[in-house]
Amino acid sequence: MSAILNDSGERPLDAPDLFINRELSLLEFNDRVLEQARDTRVPLLERLKFLCISSTNLDEFFEVRVAGLKQKAELVNAPTEADNRTPSEVLRAISSRAHALVEKQYSTLNDEVIPALQNEGIRFLRRAEWKPEQRAWLAQYFEEELLPVISPLGLDPAHPFPRILNKSLNFIVSLDGTDAFGRKIDYAVVQAPRALPRVIQLPAEETGSGPHDFVFLSSIIHQHVGDLFPSMRTRGCYQFRVTRNSDLFVDEEEVDDLLRAVEGELPSRRYGDCVRLEVAHNCPESLCKYLLDRFLLSREDLFQVDGPVNVNRLMSLLDTVDRPDLKYPAFSPHLPSELGPSGDLFAEIRASDVLLHHPFDSFLPVIDFVRRAAADNSVLAIKQTLYRTGPNSAVVDALVEAARAGKEVTVVVELRARFDEADNIELANRLQAAGAHVVYGVVGYKTHAKMTLIVRREADGLHNYVHLGTGNYHPKTARLYTDYGLFSCEENLGNDVHEMFLQLTSLGKVSGLARLLDAPFRLHSAILAKIAREAENARAGRPAGIIAKMNSLVEPQVIKALYAASQDGVPIDLVVRGICCLRPGVEGVSDNIRVRSVVGRFLEHTRVFHFANDNDPEVYLSSADWMDRNFFRRVETCFPVTAAPLYDRVRRELALYLSDNSQAWLLGSDGRYERANRADGEEELAAQKRLMEGPG
């Protein structure tokens, strides 16, 4: 990497070569996820799961990130990020890296995962392997399940190329001969029914199959496609899938009802502009070009794959195949006895702050917090933000019961939580029907803060009980994502949360907060000030240091501040799960910065910021990453952990992640990651595994 110097011979901290491109960094994260599928230490069915996750991640990457870049390239093809690349330049780099990643996905599937599954008696049978009994059963399946709902479309002037649903399974068929009306038809499109599974299990008793023999739906369609065109000869049949722009557009200046606007935009997601075409590896060049022309795509957008075009649908096997020996061992989260069903939750919180680290600690106390408030006659009001909760949420059930019981229930629902919009609209309607006050945040700013406020009348007056978290009020993801949650009855913190809710409902300006750092107002400047304070301490020879754990690090001013602090001698350790635009280890700039990413059984989701502060250390937990959107375009909370036992716990747990030599990846200045290796004789340490053994 060539250095760019200013007129004084110094390296400017905003030099483009000091910033890793965010899109390429995101692809690097997906590669680390894929490496879990290649890691033989991971149970086999979990390896399949990680392969599917990498496929799903790549889908969303094209639906949102690539789609946005294509729009920018068409409008104003000028640099918009700190690395100073134009959208067209980034798209070319993405194409190269994504093609290599897809090739790696399918080699992992075909050369590693499928053979390993076969060794365990879990087989995907190709058509050439079907026995007579299996052929007969599959022919009957085609007649009874597929044929009644499938609609083959011969293409001619009266039957133009159909609209293809985003990420749906389709087939392009080349034909010889004439149709029933004596006309020559060259091509047809067959769309796989959406209601049918993409992997079909063969019944052992009827087909003589093994207990875990499967056939791809695409194989059944390939086998019987000729039956769909009885007067013609099928020359070829090739699966394909198109990915479309799935970002919702809502004109924030014109909209007068956000719920109706989002609801109206949801159907368009299925048929947005095309951004990627996946086809079978053996699809002829002429048909590839034909499809690219139909979808207005270029050669760079074409991915020819040796296997199913929808790898993520293999995730269904984890529920179908009952093989506990091929999955992670069962894990029961820790439930502190004082927060159990028989304990007095409010008394415990009033006595001292309570910290939970999910999924190592159970999420049940969070649900119980709202449930007990709903049933407690002393509770006057409940206020909560909901970003992602899932379609069947125990938290929403409790809020509904509280509203029906006559309590003041106010819920701030973020309708634009990407890909959860429909669920959020449904729960908003349900809450309103129960009598809750429902608002949809602030137009132009996503409400990403995770907070609950319960107002309770007690003998000495009203008290605010709060829960603040780094993750969503979603019981399912609480078992899969690592997140912190803090219960508190501390007066200043409670007042701050009360002020935050007033701002979200009344839209009035908050005069001042005692404990919380809030976005889009104070968080960015506060983080910059704390980094600058550590730099000042280092220059003065006082104790200084920064440890920050987050999902993404993108915002240029924060990165420049970290570079400056590094130059002043501040030791900086960053645990960044996904996107990291900062280059560590650059001589004279980031010598004192180390970056690692931990990818394991659970998705790392905690945001933790630790500042040494001249031996008066501070620890903050946050709903926000260090990204432009979190600092400037979202409502976020960042809250301190002040109780000494809780601070000590967070610091110990951070130390585990910094010592992880099993599931950690180290970022180099070239933007590439390498696994953290154990030194000779060093004991293996996996942070997540250690935390599963008990509280930190």
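**Briefing: a loop asparagine, a mixed sheet and its helices**

The side chain of Asn472 makes a polar contact, at 3.5 Å, with the side chain of Lys450, where a polar contact is a pair of N or O atoms within 3.5 Å and, within protein, one atom must be able to donate a hydrogen and the other to accept it, residues adjacent in sequence counting only if both atoms are side-chain atoms. The model is predicted, so that local features need pLDDT of at least 70 and side-chain atom pairs count only at pLDDT 80 or more, whereas totals for chains, interfaces and linings use all residues. Residues are numbered from 1 along each chain as its sequence is written, and side-chain values use heavy atoms, with hydrogens and water left out.

- Asn472 lies in the loop between β16 (461-469) and β17 (481-488), helices (H or I, at least four residues) and strands (E, at least two) being DSSP runs numbered from the N terminus.
- Asn472 counts as buried because its relative accessibility is 13%, the class being under 20% relative accessible area, with exposed over 50% and partly exposed in between (1.4 Å probe, protein chains only).
- Leaving aside neighbours within four places in sequence, Asn472 is in contact (heavy atoms within 4.5 Å) with Phe363, Tyr387, Arg388 and Lys450.

**The sheet**

- An open sheet of mixed pairing is formed by 6 strands in the order β2-β4-β3-β7-β8-β9, two strands being paired if DSSP finds at least two bridges between them.
- The edges are held by β2 (153-154) and β9 (302-305), each of which has a single partner strand, so one side of each is left without a neighbour in the sheet.
- Helix α2 (residues 44-75) packs on the sheet and touches β7 (232-244), β8 (274-280) and β9, its direction making about 135° with that of β8.
- β2 pairs with β4 (residues 187-191) in the antiparallel sense over 2 bridges, and Gly154 stands opposite Ala188 in β4.

**Helix α8**

- In α8 (residues 285-294), Leu287, Cys288, Tyr290, Leu291 and Leu292 are buried, and the buried residues of this helix pack against β3 (170-177), β4, β7, β8 and β9.
- Leu296, which follows α8, has a positive phi near 55°.

**Helices α1 and α3**

- Helix α1 (residues 22-38) and helix α3 (residues 87-119) pack at an angle of about 5° with their axes 10 Å apart, axes being lines fitted to C-alpha atoms, for helices over the stretch in contact, and angles running from 0 to 180 degrees between N-to-C directions.
- α1 and α3 are therefore roughly parallel to each other, a term for angles under 35 degrees, while over 145 counts as roughly antiparallel, 65 to 115 as roughly perpendicular and the rest as oblique.
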